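Please look over the chain shown below and read the report that follows with the structure at hand.

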Amino acid sequence: RFLTNDPRRLAGACRSELRDFLLDQGLEVPASATLRELATLVEDEFHVEAQAFGLHATAARFAPQTGAREAARAMRRDLRALRKGLRKELSRGERARGLLSLRSLGLA
């Protein structure tokens with residue numbers, strides 16, 4: 001997903017990864033959820049700050065190319081922080097359940 005330098009594709013990859021994670025944790029996530037809606041869902045369910053990620057990812061996806069590149073760099077940084085925060089909030093059992101879940105694959 002992340003083998004590209006195109007900010008729009010990177011934003012799409014981040015959106016897919018975050019949506020898949022939320023599905024694997026047992027949350028109902030509409031297929032049409034925007035990046036900012038996913039960020040809000042993360043904050044509501046896991047109490048991990050995600051609005052900066054949502055804003056940067058949206059800018060990477062829709063801003064003019066010059067601004068999109070800068071936003072994509074910030075988005076990747078925010079995604080790393082978001083993952084770290086989620087790892088702290090989830091128990092080992094919850095992380096294992098998410099790892100073994102098939103929901104993001106559409107199989108469950």
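Thr66 is exposed, because its relative accessible area of 69% lies over the 50% cut-off, and this residue is found in helix 4. Although Thr66 and Pro7 stand 59 residues apart along the chain, their C-alpha atoms are separated by 9.7 Å. The model in which these values were computed is a predicted one.

The chain as a whole has five helices and zero strands, and from the N terminus on its elements run α-α-α-α-α. Of the 108 residues in the chain, 39% are buried.

Helix 1 covers residues 7-24, and its 18 residues reach 26 Å from the first C-alpha to the last, which is close to the 26 Å expected at 1.5 Å a residue. Because 13 of the 18 residues of helix 1 are buried, this helix is largely enclosed by the rest of the structure. After helix 1 comes Gly26, a residue with a positive phi near 90 degrees.

How does helix 1 pack against its partners, and at what angle and distance do the axes lie? Two packed helices are described by the angle between their axes and the distance between the axes. The table gives these values for two pairs.

| Helix pair | Angle between axes | Distance between axes |
|---|---|---|
| Helix 1 and helix 4 | about 20 degrees | 9 Å |
| Helix 1 and helix 3 | about 140 degrees | 7 Å |

Helix 4, which spans residues 65-89, packs against helix 1 at an angle of about 20 degrees, and that makes helix 1 roughly parallel to helix 4. The crossing in which helix 1 passes helix 4 is left-handed. On the side of helix 1, the residues that meet helix 4 are Pro7, Arg8, Leu10, Ala11, Cys14, Glu17, Leu18 and Phe21, and their counterparts in helix 4 include Gln65, Ala68, Arg69, Ala72 and Met75. The residues of this contact of helix 1 with helix 4 divide into 12 nonpolar, one polar and five charged.

With helix 3, which spans residues 51-62, helix 1 makes an angle of about 140 degrees, and the two helices are therefore oblique to each other. The crossing of helix 1 and helix 3 is left-handed. Here Pro7, Arg8, Ala11, Gly12, Cys14, Arg15 and Leu18 in helix 1 meet Phe53, Ala57, Ala60 and Arg61 in helix 3, and the residues of this contact divide into seven nonpolar, one polar and three charged.

Two loop residues may also be considered. Thr34 has its place in the loop between helix 1 and helix 2, and with a relative accessibility of 37% Thr34 counts as partly exposed. The C-alpha atom of Thr34 is separated by 9.7 Å from that of Arg19, a residue 15 positions away along the chain. His47, in turn, is placed in the loop between helix 2, residues 35-46, and helix 3. Is His47 buried or exposed? At 64% relative accessibility, His47 counts as exposed, and although His47 is not a glycine, its phi is positive, at about 55 degrees.

Key:
Residues numbered from 1 in each chain as written. Predicted model: local features only at pLDDT ≥ 70, side-chain atom pairs only at ≥ 80, totals over all residues. Heavy atoms only, no water. Axes fitted to C-alpha atoms, helices over the stretch in contact; angles between N-to-C directions. Helix = DSSP H or I, 4+ residues; strand = E, 2+ residues; numbered from the N terminus. Parallel < 35°, antiparallel > 145°, perpendicular 65-115°, else oblique. Left-handed = near helix turned anticlockwise from the far one by under 90°. Contact = heavy atoms within 4.5 Å. Nonpolar A, V, L, I, M, F, W, Y, C, P; charged D, E, K, R; others polar. Expected span 1.5 Å × (residues − 1). Buried < 20%, exposed > 50% of the residue type's maximum accessible area, 1.4 Å probe, protein only.
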